[in-house]
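My notes follow in the order in which I looked things up.

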Amino acid sequence: VFINKRIPQIGIDILKENNLEIITLETENPSREEWLENSKQADIILNVGGKNKYNKEFFDNCPNLKAIALFSVGFDQVDIAEATKRKIPIGNTPDVLSRATSDVAFLLMQMVSRKVNYNIEKVKSGNWKDFDALEELGQELYGKTLGVFGLGRIGFEIAEKCKAAFRMNIIYHNRSHNEQAEKELEAKYVTFDELVKESDIISIHANYTSEQADTFNKETFEKMKPNLIFINTARGGFHNEKDLFEALESGKIWGAGLDVTNPEPMSNENPLLQLPNVCVLPHIGSATIEARNGMARLAAENVVAFSKGEKMPTCVNSEVYEN
Ligand code: 8YV
């Protein structure tokens with residue numbers, strides 16, 4: 001099993017208990033060559049991080065490879081059709097990070113609605129002068145309409161939090177209806193256009209594929225309400241960064257909270273970081289002790305199941321097990 005970056009010890013322990021041979025790297029940020037060289041030697045890869053692309057070229061280069069266990073719920077870095085064709089199961093880590101990721105979306109909404117990072121800077125830089133009843137006014141989240149783009153496990157968690165904490169009205173756009181959300185949270189299914197026009201806050205929680213690149217662009221930002229708070233904790237590719245910058249700078253929308261960018265990491269010279277109505281975090285959605293331990297455990301369990309000739313407990317392309 002080749003593990004390309006360090007993971008919580010619990011994952012390593014599970015692999016060792018099952019007598020699996022582990023290949024790890026000394027370097028913290030392995031080069032593409034190192035990653036490829038080690039991948040070639042492995043039967044199974046436990047992949048950490050979003051940099052490595054598992055496509056036809058990669059699979060051609062690694063004929064020995066039999067399975068990949070991702071240390072992530074997202075699987076956009078894998079060409080799933082290609083893996084399935086080659087009968088390579090791809091495991092992921094759903095559920096264990098839903099709470100942590102939706103917490104970050106919830107945090108970003110509040111950061112942006114009250115311009116928190118701008119105000120922290122104001123204090124730090126000595127620009128906090130005197131009380132002004134008309135200065136630094138935020139907007140309240142209470143009773144607002146939350147538009148969830150992609151209402152699966154993480155989307156449900158954020159909708160539930162926003163409903164409980166701020167009595168928000170929930171609308172959502174998804175590939176299919178989420179009956180649990182409709183029943184328990186009175187969430188209303190809307191078209192994408194309705195989501196864009198009616199939401200006060202939009203939070204993205206869909207699975208990313210390249211066909212969804214720039215779903216949120218100039219045209220969509222122009223249709224949004226001026227008080228719109230845009231939250232992306234899913235994948236940076238969902239929004240067009242230049243169009244988002246223009247919408248924010250011109251005041252077409254209120255603000256944005258991003259835990260994901262395209263590319264990652266974002267350069268510290270990125271003009272978005274100069275805007276007072278933007279808060280960018282370094283992809284920390286799943287960065288809690290609890291979530292990361294859960295991810296390590298699940299990824300290791302997927303590896304172990306595969307090594308025993310069993311079905312991976314959380315497999316993205318379970319068609320590989322047919323016949
Ligand atoms: C991961 C993520 O930590 O699970 C995902 O899809 O985006 C993150 O929570 C990251 O991808 C590292 O593998």
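Which residues are around the ligand? I listed V48, G49, G50, F71, S72, V73, G74, L97, G285 and S286. My cut-off for "near" was a C-beta atom, placed from the backbone, within 6 Å of the molecule. By class, I found four nonpolar, six polar and no charged residues in this shell. I counted Ala, Val, Leu, Ile, Met, Phe, Trp, Tyr, Cys and Pro as nonpolar, Asp, Glu, Lys and Arg as charged, and the others, Gly among them, as polar.

A note on the source. The model is predicted: local features need pLDDT of at least 70, side-chain atom pairs count only at pLDDT 80 or more, and totals for chains, interfaces and linings use all residues. Residues are numbered from 1 along each chain as its sequence is written.

Next, the domains. The assignment, automatic or from a database, gives domain 1 (2-93 + 288-321) and domain 2 (98-280). Their centres, taken over C-alpha atoms, are 31 Å apart. Six residues from domain 1 and six residues from domain 2 make the contact; I took contact as C-beta atoms, placed from the backbone, within 7 Å. On the domain 1 side I sorted one nonpolar, three polar and two charged residues.

UniProt, in an unreviewed entry, lists residues 2-317 as "domain: D-isomer specific 2-hydroxyacid dehydrogenase catalytic". Such annotations may be inferred rather than shown by experiment. Over that range I read 37% helix and 12% strand, with the end C-alpha atoms 21 Å apart. Helices (H or I, at least four residues) and strands (E, at least two) are DSSP runs, numbered from the N terminus.

Then a sheet. I traced an open one of four strands, ordered β1-β2-β3-β4, with parallel pairing. Pairing needs at least two DSSP bridges between two strands. The edge strands are β1 (2-3) and β4 (90-91), each pairing on one side only. Strand β3 (residues 67-70) joins β4 through two bridges in the parallel sense. I68 has I90 of β4 as its bridge partner.

Last, N277. I located N277 in the loop between β10 (255-258) and β11 (278-280). Why does N277 count as partly exposed? Because N277 has 18 C-beta neighbours inside 10 Å; 20 or more would be buried, 12 or fewer exposed, with C-beta atoms placed from the backbone. Beyond neighbours within four places in sequence, N277 contacts V112, K115, L248, W254 and G255. I also noted E249: 28 residues from N277 along the chain, with 8.5 Å between the C-alpha atoms.

How values were computed:
Contact = placed C-beta atoms within 7 Å.
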